Amino acid sequence: QVQLVESGGGLVQAGGSLRLSCAASGRTSSSYVMGWFRQAPGKEREFVAGIRRSGNTYYTDSVKGRFTISRDNAKKMVYLQMNSLKPEDTAVYYCAWKSGVNFFGSYDYWGQGTQVTVSS
């Protein structure tokens, strides 16, 4: 069982920055991926970024060059640094965890989500 708790969401003006944090607790496997997803009102949840335990990362095209995912394995923390935010980045952001190395597919555990609102 893995528990995930996100923090760091809020309201920011377009062009601003926010840093999301995700704290993981519980038993984790030696090989896993942690990801950030988001869901805007009326839209499906979408993958934003992922990071393997090894440090390899993957980003969806719309955030490349603006968002950076990082992790601290010892602290079981994952971060999402979001720069040059746009109104279309407004969504509830979720942290998620899955075993293995594939960024895609079904994630096993999810956090409760944190709201990010970008005003124009």
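The legends below describe close-up views of a predicted model.

**View 1. The nonpolar cores of the model.** The largest nonpolar core has 28 residues. Met34, Trp36, Leu80, Met82 and Tyr93 are those with the most contacts inside this core. At least two of its residues come from each of the strands S1 (2–7), S3 (18–26), S4 (32–39), S5 (46–52), S7 (67–72), S8 (77–82), S9 (91–99) and S11 (114–119).

View 2. Arg38 is found in strand S4. Its relative accessibility is 5%, so Arg38 counts as buried, the cut-off being under 20%. Apart from neighbours within four places in sequence, the residues in contact with Arg38 include Val48, Phe67, Asp89 and Tyr93.

**View 3. The aromatic pair of Phe47 and Tyr58.** The whole structure holds 10 aromatic pairs. In one of them, Phe47 and Tyr58 are tilted, with 6.1 Å from centre to centre and 50 degrees between the planes. Phe47 belongs to strand S5 and Tyr58 to strand S6 (residues 57–59), so this pair ties together parts that are 11 residues apart in sequence. Phe47 is buried at a relative accessible area of 12%, whereas Tyr58 is partly exposed at 37%.

**View 4. The aromatic pair of Tyr107 and Trp110.** Tyr107 and Trp110 also form a tilted pair, 6.1 Å from centre to centre, with 55 degrees between the planes. Tyr107 is buried, with a relative accessible area of 6%, and Trp110 is partly exposed at 28%. Both residues belong to a cluster linked by ring pairs, which also contains Phe37, Phe47, Tyr58, Phe103 and Phe104.

**View 5. Charged side chains over rings.** The charged end of Lys98 sits over the ring of Tyr107, at 5.8 Å from the ring centre. Elsewhere, Arg19 lies over the face of Tyr79, with a distance of 4.0 Å to the ring centre.

**View 6. Two residues with positive phi.** Most residues other than glycine have a negative phi. Lys76, although not a glycine, has a positive phi of about 55 degrees. Lys76 lies in the loop between S7 and S8 and is partly exposed, at 29% relative accessibility. Ser84 also has a positive phi, near 50 degrees. The loop between S8 and S9 holds Ser84, which is partly exposed at 41% relative accessibility.

How values were computed: Residues numbered from 1 in each chain as written. Predicted model: local features only at pLDDT ≥ 70, side-chain atom pairs only at ≥ 80, totals over all residues. Heavy atoms only, no water. Core = buried A, V, L, I, M, F, W, Y, C linked by side-chain atoms within 4.5 Å. Buried < 20%, exposed > 50% of the residue type's maximum accessible area, 1.4 Å probe, protein only. Helix = DSSP H or I, 4+ residues; strand = E, 2+ residues; numbered from the N terminus. Contact = heavy atoms within 4.5 Å. Phe/Tyr/Trp six-rings, centres within 6.5 Å; stacked < 30°, edge-to-face > 60°. Lys NZ or Arg CZ within 6 Å of the ring centre and 35° of its normal.
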